[in-house]
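Open the model in a viewer and keep a selection tool at hand. The stops below follow one another, and each names what to select and what is there.

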Amino acid sequence: MKKTIYLDNAATTKTSLAVVEAMLPYFSEFYGNASTVYSLGNESKRAMNEARDNIAAVLGAKSEEIYFTAGGSESDNWALKATAEAYKSKGNHIITSKIEHHAILHTCEWLEKQGFEVTYLDVDENGKVRPEDLKNAIRPTTILISVMFANNEIGTIEPIREIGEIAHENGILFHTDAVQAFGQVPINVDELHIDMLSASGHKLNGPKGIGFLYIRKGVKIRSFVHGGAQERKRRAGTENIPGIVGLGVAAKYAAESMQERTAKEIELRDYLIKRIMDEVPHTKLNGHPQDRLPNNANFCFRFIEGESLLIMLDMEGICGSSGSACTSGSLDPSHVLLAIGLPHEIAHGSLRLTLSEETTKEDIDFTVDKIKDIVAKLRSMSPLYEDFVKKSEK
Ligand SMILES: *Cc1c(COP(=O)(O)O)cnc(C)c1O
């Protein structure tokens, strides 16, 4: 069988063996319901508390500020919908950015239909929100600012501390979608003035279908799933103990290994970027050159379709993405690439490669060699490229 080179870790990651091993006993050995009084259930409760403590420690938060959810999308929905509801007597205005994940953008669109007003901040050509724009957007009725920690397509890390400071100077709550950043960059919720933070297990070598929302103590936020008294009565439903255990182990490992792991990823990422930019003409690097996720590279190759490139890379065993997994399948170019000012025809030629701890230099060399061949082949079939070459020969 051909080797798979998996370079789509922003879409999802492999669940690590250590995580799977930690989860296994909680399926058929310690399967008790954490809300029961007998000791079988107590073991579930103990394991859940340990996971909560581990996650809280990573963020500099208190254990009781961590609420387990079914993943990043639920955490984002909860943070926005429930604060909008709880603070609507104070105001109806929310500020976010144009480059958020659809879990935020589509929730904001829904809130607009419920009578809330939403400002979608522009970003600069590297994908950063300008703190000045944020200040200018604030109204007396602003109740919530939600800006992602790092972008899932182009990897840009946002000026979170400045945004948090502006929010708190103005008495406004600050939520950040940190699904891509949690486990990849150091995060302390107090230092960064974060009131709510979303994260998801499957983006950091944990299991799918489990995530959490950090909610700072004192933030008024309504329960999202109604039913039993789980998660301090704010999120009903029998807890996903194996998932919670897996997420706890993944978070702990990610924090402990962060420095060494990301240093290695940054080195390989920069090698990948350098080779592509040096060896493939008419190529643009998307996202901030320095302030970007350690494992993210995102390019636009002029005169080609990103989808064709992906299919041909797949035939070589290479998994990449044209942007976010959620946008592929539609032919609209990525809203993120349009927001950084790329014209449609260039945005269509995008490729996102996201590395993991297991990615090797050999993987990168093989991938770059294939990209060079495929891009040249696709361009040789492109009438646009032919026109371009003719014009430049004149
Ligand atoms: C993946 C992702 C989500 C959604 O998380 P799920 O756990 O898949 O629901 C939300 N925001 C960002 C930035 C993401 O990358």
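Select D8 to begin: this residue is buried, because its relative accessible area is 11% and buried means under 20% (exposed is over 50%, partly exposed in between; 1.4 Å probe, protein chains only). The accessible areas behind such values come from the Shrake-Rupley method with a 1.4 Å probe, and for residues only the protein chains shown count as cover. This is a predicted model, in which local features need pLDDT of at least 70 and side-chain atom pairs count only at pLDDT 80 or more, while totals for chains, interfaces and linings use all residues. Residues are numbered from 1 along each chain as its sequence is written, and side-chain values use heavy atoms, with hydrogens and water left out.

D8 sits in the loop between β1 (5-6) and α1 (17-23). Helices (H or I, at least four residues) and strands (E, at least two) are DSSP runs, numbered from the N terminus. Residues up to four places away in sequence aside, D8 touches C319, G320, S321, R352 and T354, where contact means heavy atoms within 4.5 Å.

T354 counts as buried because its relative accessibility is 1%. A polar atom of the T354 side chain lies 2.8 Å from the backbone nitrogen of N9. With neighbours within four places in sequence left aside, T354 is in contact with Y6, L7, D8, N9, A10, N295 and N296.

**The ligand**

Which residues are closest to the ligand? Select S73, D177, Q180, S200 and K203, the closest among the 13 residues that surround the ligand; a residue is near a molecule if one of its heavy atoms lies within 4 Å of it. By class, this shell has two nonpolar, eight polar and three charged residues. Here Ala, Val, Leu, Ile, Met, Phe, Trp, Tyr, Cys and Pro count as nonpolar, Asp, Glu, Lys and Arg as charged, and the others, Gly among them, as polar. Helix α4 (residues 72-86) gives the most to the shell, with three residues.

Now show distances to the ligand oxygen atoms. A backbone N or O atom of G72 lies 2.8 Å from an oxygen atom of the ligand. For Q180, an N or O atom in the side chain is 2.7 Å from a ligand oxygen atom. For K203, a polar side-chain atom is 2.8 Å from an oxygen atom of the ligand. The ligand taken alone exposes 380 Å², and the protein buries 88% of that.

**The nonpolar cores**

Next, select L59, F68, F149, I187, I194 and F212, the residues with the most contacts inside the largest nonpolar core, which has 63 residues. A nonpolar core is a set of buried Ala, Val, Leu, Ile, Met, Phe, Trp, Tyr and Cys residues joined through side-chain atoms within 4.5 Å. Helix α9 (residues 241-279) supplies the largest share of this core, seven residues. Apart from this core lies another, of 25 residues, including L313, L353, I364 and V375.

Zoom in on I194, which touches F149, I160, F174, T176, I187, V189, Y214 and R216, not counting residues up to four places away in sequence.

**The loop between β6 and β7**

A178 lies in the loop between β6 (173-177) and β7 (196-200). Is A178 buried or exposed? A178 is buried, with a relative accessible area of 0%. Its contacts, apart from neighbours within four places in sequence, are F149, I187, L197 and S198.

E191 is found in the loop between β6 and β7 and counts as partly exposed at 48% relative accessibility. Its C-alpha atom is separated by 9.1 Å from that of G164, 27 residues apart along the chain.

H193 also lies in the loop between β6 and β7, and H193 is partly exposed, with a relative accessible area of 24%. Check its backbone: phi is positive, about 60 degrees, although H193 is not a glycine. Most residues other than glycine have a negative phi.

**Last stop**

Finish at H282, in the loop between α9 and β9 (283-285). Phi of H282 is near 55 degrees, a positive value in a residue other than glycine. At 31% relative accessibility, H282 counts as partly exposed.

Definitions and conventions:
A polar contact is a pair of N or O atoms within 3.5 Å; within protein, one must be able to donate a hydrogen and the other to accept it, and residues adjacent in sequence count only if both atoms are side-chain atoms.
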